[in-house]
Amino acid sequence: MSFEMTKGLFKFDFTDQHAILGVPLDAEFNDIRKRYMKIVRRLHSDTCPFENQADKDWANQFLSKVVNPAYNKFSKESDRKEYNLLLTAISKRATKEKEKQQIESAEAKQLARSGNWEETYKTAMSKLADNQYESAEQALEVINQMSELNLVYLLRKENVMIPTGVVTPKPEKPDKKELKVVPPTPVVPPTTTKKNSLVEQHCRCAQGFMDSKNYAKAILELREAQKREPKNSKCHAMLAMCYLMQGQGTMAKLEVQKALVSNPEEPMALEVKKKLEQPASGAKAKKGEDKQGGFFASFSNLFGGGKKK
């Protein structure tokens with residue numbers, strides 16, 4: 001698995017260390033250090049909870065090649081100053097090229113429209129950070145989303161508004177004298193490609209795992225399907241249901257949003273959204289997040305968090 005990150009500030013040939021570490025652009029060094037230690041507990045080979053050996057190997061390499069260098073940029077004052085100067089230059093460049101900026105994630109679009117954008121930014125970054133390294137596939141996706149948030153945040157600081165939709169101009173009315181009858185273009189039915197066939201196969205396998213309540217394996221199948229068709233609303237909706245049944249409300253909400261962006265009428269996504277809005281679902285999600293927090297706490301002694309007796 002690659003380490004390629006291409007959205008937000010990464011589009012400017014700039015490594016967004018804040019997004020990699022899952023911290024806002026105005027984070028203090030003490031908060032950055034705490035966040036770094038939490039990521040180390042998640043990705044280090046001795047404590048990584050990933051079941052797949054390939055994912056464990058990816059986590060170990062990502063920690064050494066990406067996360068550690070990101071933290072080093074903040075640990076030394078000289079490197080930190082250099083990084084901040086580059087960030088300022090990127091901000092000015094993005095402002096000059098504001099008409100070219102395109103954002104994709106729902107969180108970044110919400111930030112672009114928000115009145116209280118500073119609070120919206122911090123809330124969105126915090127929610128994404130909670131599940132940033134939940135899985136190997138998810139890590140890169142969340143980093144890209146965070147970097148988009150960082151880009152919009154910098155532009156909002158410069159009072160630059162980014163359009164969040166494409167406005168289609170109204171066609172001009174043709175002159176009646178020059179009106180020509182154009183024969184309709186024949187509709188060619190789409191052929192079933194090998195890619196779509198594989199996506200459906202993964203979805204069927206995932207449904208089988210969901211029926212047997214093996215949501216972890218279902219998620220793996222759906223992630224494979226997404227590699228071939230990232231914007232498939234059905235895949236996102238099924239992932240949302242899996243996360244909901246595992247008590248991961250935040251992740252379920254993210255997948256619901258993606259499903260409804262692709263297809264606002266996606267039945268399973270609407271079903272999960274309805275359940276998430278119920279108090280019971282919120283409590284279940286919170287319980288899952290508390291359980292995850294307990295997992296990280298169990299390694300506090302390993303990383304200097306507790307005193308030896």
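Trainee: How close do the axes of α5 and α6 come, and at what angle do they cross?
Mentor: The axes of α5 (residues 106-113) and α6 (residues 117-130) come within 9 Å and cross at roughly 165°. Axes here are lines fitted to C-alpha atoms, for helices over the stretch in contact, with angles from 0 to 180 degrees between N-to-C directions. Helices are DSSP runs of H or I, at least four residues, numbered from the N terminus. Keep in mind it's a predicted model: local features need pLDDT of at least 70, side-chain atom pairs pLDDT 80 or more, while totals for chains, interfaces and linings use all residues. Residues count from 1 along each chain as its sequence is written, and side-chain values use heavy atoms, leaving out hydrogens and water.

Trainee: So what do we call α5 and α6, relative to each other?
Mentor: Roughly antiparallel, the label for angles over 145 degrees.

Trainee: Which residues meet there?
Mentor: E107, Q110 and L111 in α5 meet W117, T120, Y121, A124 and L128 in α6, with contact meaning heavy atoms within 4.5 Å.

Trainee: Switching to T120: buried or exposed?
Mentor: T120 counts as buried because its relative accessibility is 18%; the cut-offs are under 20% for buried, over 50% for exposed and partly exposed in between, using a 1.4 Å probe and protein chains only.

Trainee: What does T120 touch?
Mentor: Leaving aside residues up to four places away in sequence, T120 touches Q110, L111 and S114.

Trainee: And how far apart are T120 and A108?
Mentor: They're 12 residues apart in sequence and 9.7 Å apart in space, C-alpha to C-alpha.

Conventions. Helices (H or I, at least four residues) and strands (E, at least two) are DSSP runs, numbered from the N terminus. Angles under 35 degrees count as roughly parallel, over 145 as roughly antiparallel, 65 to 115 as roughly perpendicular and the rest as oblique.
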